[in-house]
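Here are some friendly notes to read alongside the model. Please keep the sequence and the 3D view open as you go through the points.

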Amino acid sequence: MATRALYRLLRPLLFWLPAETSHHLTFTLLGLFYRLPGAGSVMRALFTRRLPALPVTVMGLRFLNPVGLAAGLDKNAGYVRPLADFGFGHLELGTVTPRPQPGNLKPRMFRLPRHAALINRMGFNNVGVEKFIANLAKQGKPCPIGINIGKNRDTPVERAVEDYLAALRAVYVHADYIAVNISSPNTPGLRDLQKQENLEELLRALKAEQAALAGKHGRYVPIALKIAPDLDDSRIAAIAGLVLEHKFDAVIATNTTITRTGLGQEPLSHQTGGLSGRPLKRLSTEVIRKLHSHLQGKVPIIGVGGIENAEDAWEKLVAGADLVQVYTGLIYEGPGIVRNIVHGLFERLRASGSGNLSDAVVRARSQITR
Ligand SMILES: Cc1cc2nc3c(=O)[nH]c(=O)nc-3n(C[C@H](O)[C@H](O)[C@H](O)COP(=O)(O)O)c2cc1C
């Protein structure tokens, strides 16, 4: 509670600065703080002490709780320790591309506080896979780490598979799972990879490479596909079909939306980019629900989009998600959001009388369909 009040005090200052400046300032200060002895213990005392264990097993991996950090906040694996100390059950880092690239011109991230939303067109600004791995190696893995991979902007879509394979090979041994991002709206042509022929070729190539890498390194690293919310029902069904056919390990639903539904007269709504946060909430939950109806629990779903509290997270779980992730909610609510969600989910587990969260969710799903 004290941390929430503190964040409420700090937020006007952070929001007074341009969004990206405030992001860098916050994480630079956090990085400096972590150079002090005992900094991690202070953070854990604030955020993870008395955090109830809410273990879930998904993709063959054990997570201490189902609430993860969504991709894009720590694109370069620079802040693994502080982020883990917020209490996240997993961190998805990246998107990282084979070669470094600067991303789009600034400004490229906008806050829409009245809607608890962001619009961004970052464009995969990142240090490239080599430096990313060096950063990660310095920090270790305090919780399961997903590495989200993408293609470089200057790689034509016809040759995208080469970039994904190069990134997959580079990150394979460093990841607990790998997320394949074909759904950012800010890299021209990227979303075309969600079309049937392109996706079929990509999934086949990735699965073949995964099998080769698993043999070489003696460890199977699951691969998840991250999809857009802006897909019609037939495309969702087709993607689910391909995921099942190629035995992909999970689907992450969803990335940001290019729609502007619910923004009304918001002056920033004309900004190009992906919209995240509250306006995305229902849309992404609907995609999860539809996906789940096709996948029938055979392939796990990681639900992301507009989660602000335990109720939102629960809704996504009941719609079909096995894990959830947060990005924009963290910006608006501060790091205490993780604890709030975990506590709220724990209360629901207790109220359900089930032995574990997965059973409680399955029970809640069956009550809806009955
Ligand atoms: C500023 C910003 C940058 C993002 N960058 C990435 C990215 O690099 N890769 C990716 O897969 N998703 C990226 N995302 C999308 C988030 O991971 C997430 O899917 C989306 O924001 C919906 O969740 P939210 O409403 O909790 O933010 C980004 C989102 C934001 C707001």
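1. Start at the ligand and look for Lys-75: an N or O atom in the side chain of Lys-75 is 2.9 Å from an oxygen atom of the ligand. Asn-148 also takes part with its side chain, where an N or O atom sits 3.0 Å from a ligand oxygen. Thr-254 uses its backbone instead, with an N or O atom 3.0 Å from an oxygen atom of the ligand. These pairs are polar contacts (two N or O atoms within 3.5 Å). How much of the ligand does the protein cover? On its own the ligand has 610 Å² of accessible area, and the protein covers 98% of that (areas by the Shrake-Rupley method with a 1.4 Å probe).

2. A word on what you are viewing: this is a predicted model, in which local features need pLDDT of at least 70 and side-chain atom pairs count only at pLDDT 80 or more, while totals for chains, interfaces and linings use all residues. Residues are numbered from 1 along each chain as its sequence is written, and side-chain values use heavy atoms, with hydrogens and water left out.

3. Now widen the view to the shell of 24 residues around the ligand, where Ala-71, Thr-95, Lys-226, Gly-306 and Thr-328 come nearest (a residue is near if one of its heavy atoms lies within 4 Å). The shell divides into eight nonpolar, 14 polar and two charged residues. In this count Asp, Glu, Lys and Arg are charged, Ala, Val, Leu, Ile, Met, Phe, Trp, Tyr, Cys and Pro are nonpolar, and the others, Gly among them, are polar.

4. Next, the barrel: eight strands close up in the order 3-4-7-8-9-10-12-13, with parallel pairing. Strands are DSSP runs of E with at least two residues, helices are runs of H or I with at least four, and both are numbered from the N terminus. Two strands pair if DSSP finds at least two bridges between them. From one strand to the next, the twist averages 25 degrees (axes are lines fitted to C-alpha atoms, and angles between N-to-C directions run from 0 to 180 degrees). As an example, strand 3 (residues 67-69) and strand 4 pair over two bridges, and Leu-69 has Leu-91 of strand 4 as a bridge partner.

5. Which strands form the open sheet? Three strands do, in the order 5-6-11, and their pairing is antiparallel. Strand 5 (109-112) and strand 11 are the edges, each pairing on one side only. Four bridges join strand 5 to strand 6, and Phe-110 has Ile-119 of strand 6 as its bridge partner.

6. Two peptide bonds deserve a look. A cis bond joins Lys-106 and Pro-107, with omega about 0 degrees, and Pro-107 lies in the loop between strand 4 and strand 5. Another cis bond joins Ala-253 and Thr-254, with omega about 10 degrees; Thr-254 lies in the loop between strand 10 (250-253) and strand 11.

7. Finally, the whole structure has 20 salt bridges (a side-chain nitrogen of Lys or Arg within 4 Å of a carboxyl oxygen of Asp or Glu). One of them joins the side chains of Asp-230 and Arg-191, at 2.7 Å from N to O. Asp-230 lies in the loop between strand 9 (223-227) and helix 8 (233-245), and Arg-191 in the loop between strand 8 (177-181) and helix 7 (196-217), so the pair ties together parts that are 39 residues apart in sequence.

Technical notes. A polar contact is a pair of N or O atoms within 3.5 Å; within protein, one must be able to donate a hydrogen and the other to accept it, and residues adjacent in sequence count only if both atoms are side-chain atoms.
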